[in-house]
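Student: Please take one part of this model and look at it closely. Then show me how other parts compare in layout.

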Amino acid sequence: MYKEILISIDDREGRAIVLEDGRAMEILIAREERQVGSIFKGRVADVLPGMNAAFVDIGLERNAFLCANDAVAGIAEGDNSFAKPAIADIVHPNQETLVQVVKEAIGTKGARITSYITLPGRYLVLFPSAQYVGVSRRIPSDSERDRLRRLADELRPEGMGIVVRTAAEGHTHEELKRDLDYLLKVWDKVQTKAKTCHAPALVHQELDLIDKILRDIFTEDVDRLVIDNRQEYQNICDRLEHTAPDLVSKVHLYYDSCPLFDMYKIEQEIDNALSRRVWLDSGGYLIVDRTEALWVIDVNTGKFIGKNNLADTILRTNLEACKEICRQLRLRDMAGIIIVDFIDMDSSEDQRKVLEVLGDELKKDRTRTHLVSMTELGLVQITRKREGKDLDGIMRDMCPICHGRGKVLSPKSVALRARRSVLREMNAPGVKREAAVVTLSPEAAHQFIGSDGKEVEQLAKETKSTIRVQASDSIHPERFSVICGDKSLVGDRPLLAVGQQARVTLIENNAQEDGSALAIINGNLVEVAMGAERAGKEVAVRVTSVSPYVSTAEITH
């Protein structure tokens, strides 16, 4: 497998992508300082015995969340032996404590923190408040694991713990000691700063994008690293000369006039990684949705009709989906609970094959994952460690129109609501109302008026009033306004003139099947013949007929 890392750096953001045999597998984007891994001196703001947790002010927008099990390391010197710790026995309001962010703030939730500090290096992870030695389970050789454990036992500082990372496989005592010496210096700086600063304060900032890549991703199994920034290229080479000189030859500077990500068509890959529908090579597809609590992935056969029989078609689609699902987990950095709805399989043997392939693909993920067996309904549960924001959280904000629902009220629904509002206002006791002005979005106004104005005329008869309908392309599609008063409210609205010309932006007209589009001219609603295919574009039109409610026009060429 040919593996390469592409890094593009500019003044506003840093972006990196990991390619395996030319396919995008991971996307990393840095626009602001990373919270996860950073160490803060915090002040306990509130202790909640009912939740067995505390909120800690660490200087961020929202207070961070510290549960009791993560706070035990913060106990003053001495007793650290709570079998089931109670938060009130560990911390108290206004207490200052050293904590590390383990999960970034997401949505309305503050950051998740712990008192168990960890400092990851290239080959080792230092645990200042623990006293044990561990070796990565991803190292397959038992003899190599034993060798690394012996080295770690020799190197472990008194009163601290060490975990040997996968990248340490095959490396010498001197290389591991050099990595440990660096981590001990970092810890000394953390302690020194924590003693001199006042809470809340940042004590140690987690590494930036490039440093994180060099530490966690750029290992011996990577064939090439390409970066388009000359200064950062030189910095990378200088750093690797001291930490991993064998990797320097794999670093290349990109200096072509065509942007690096354009050359490799990465921009399209990023757009695809945000898409709800993901196509499989066979013609099947995945639907990827997220909720507040979890991600949901649905597998469909789509255009794939198979060759032999239905069971074989379903199995082949599910097996192909396994690989793409695991790729999407890494690409989008999906985390938390992931529910996969595979196509139903009657054969237990087929179910076993799918789970086997899914498990093998998950092993390629750097982030810790856990696979739960398939339920009777054909659902598979996966958990994936959450740290920072996923790609969707970085790239997109909540829709200001639907507020995350994914849908808005239909124009018909809005028109009916507006009609009921007019009836309430006009029939309210004690006040004489002779006219009403109703303002809606163009599509809702078209529904409110009805065919040839029949709906609004009927409403005017029911309320014994004059009703003027105004269309506005700036109003929220679910909103409308109703203003009632005497006849002076409506006044003499100037009608359009036949032959009048204007430039308008065409609006899709879903209520009609005649190919027309909607437009607004001086607040008047206009149907533009044969404009459906050009919806969303600005065109020149000429008014062909005039009506008190909906006039008509044609596109001029």
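Tutor: Start with a definition: helices (H or I, at least four residues) and strands (E, at least two) are DSSP runs, numbered from the N terminus. This is a predicted model, in which local features need pLDDT of at least 70, side-chain atom pairs count only at pLDDT 80 or more, and totals for chains, interfaces and linings use all residues. Residues are numbered from 1 along each chain as its sequence is written, and side-chain values use heavy atoms, with hydrogens and water left out.

The part is H14, residues 454-463. Its end comes first: lysine 464 follows H14 and has a positive phi, near 50 degrees.

Now the inward side. Val456, Leu459, Ala460 and Thr463 of H14 are buried. Buried means under 20% relative accessible area, exposed over 50%, and partly exposed in between (1.4 Å probe, protein chains only). These residues lie on the same side of H14, because they cover an arc of only 100 degrees around the axis. The arc is that of the directions from the helix axis to the C-beta atoms. As background, an α-helix has 3.6 residues a turn, so residues three or four places apart point the same way. Lys454 and Lys461 are exposed, on the face of H14 turned away from its buried side.

What do the buried residues of H14 pack against? Their partners are helix H12 (411-426), H13 and strand S23 (466-471). Contact means heavy atoms within 4.5 Å.

Take H13, residues 442-449. Its axis and that of H14 are 5 Å apart, at an angle of about 60 degrees. Axes are lines fitted to C-alpha atoms, for helices over the stretch in contact, and angles run from 0 to 180 degrees between N-to-C directions. H13 and H14 are therefore oblique to each other. Angles under 35 degrees count as roughly parallel, over 145 as roughly antiparallel, 65 to 115 as roughly perpendicular and the rest as oblique.

From H13, the contact uses Gln447, Phe448 and Ile449. From H14, it uses Lys454, Glu455, Val456 and Leu459. By class, the contact has four nonpolar residues, one polar and two charged. Ala, Val, Leu, Ile, Met, Phe, Trp, Tyr, Cys and Pro count as nonpolar; Asp, Glu, Lys and Arg as charged; the others, Gly among them, as polar.

An open sheet of four strands runs in the order S9-S10-S12-S11, with mixed pairing. Two strands pair if DSSP finds at least two bridges between them. S9 (119-120) and S11 (133-135) are the edge strands, each with a single partner, so one side of each has no neighbour in the sheet. S9 pairs antiparallel with S10 (residues 124-127) over two bridges. There, leucine 119 stands opposite leucine 126. Helix H3 (residues 142-155) packs on this sheet, touching S11 and S12 (161-164), and its direction makes about 150 degrees with that of S11. Helix H4 (residues 173-196) lies across S9, S10 and S12, at about 35 degrees to S10.

Arginine 330 belongs to H9 (residues 310-332). It counts as buried because its relative accessibility is 6%. Beyond its neighbours within four places in sequence, arginine 330 contacts Glu20, Met25, Glu26, Lys364, Asp365 and Arg384.
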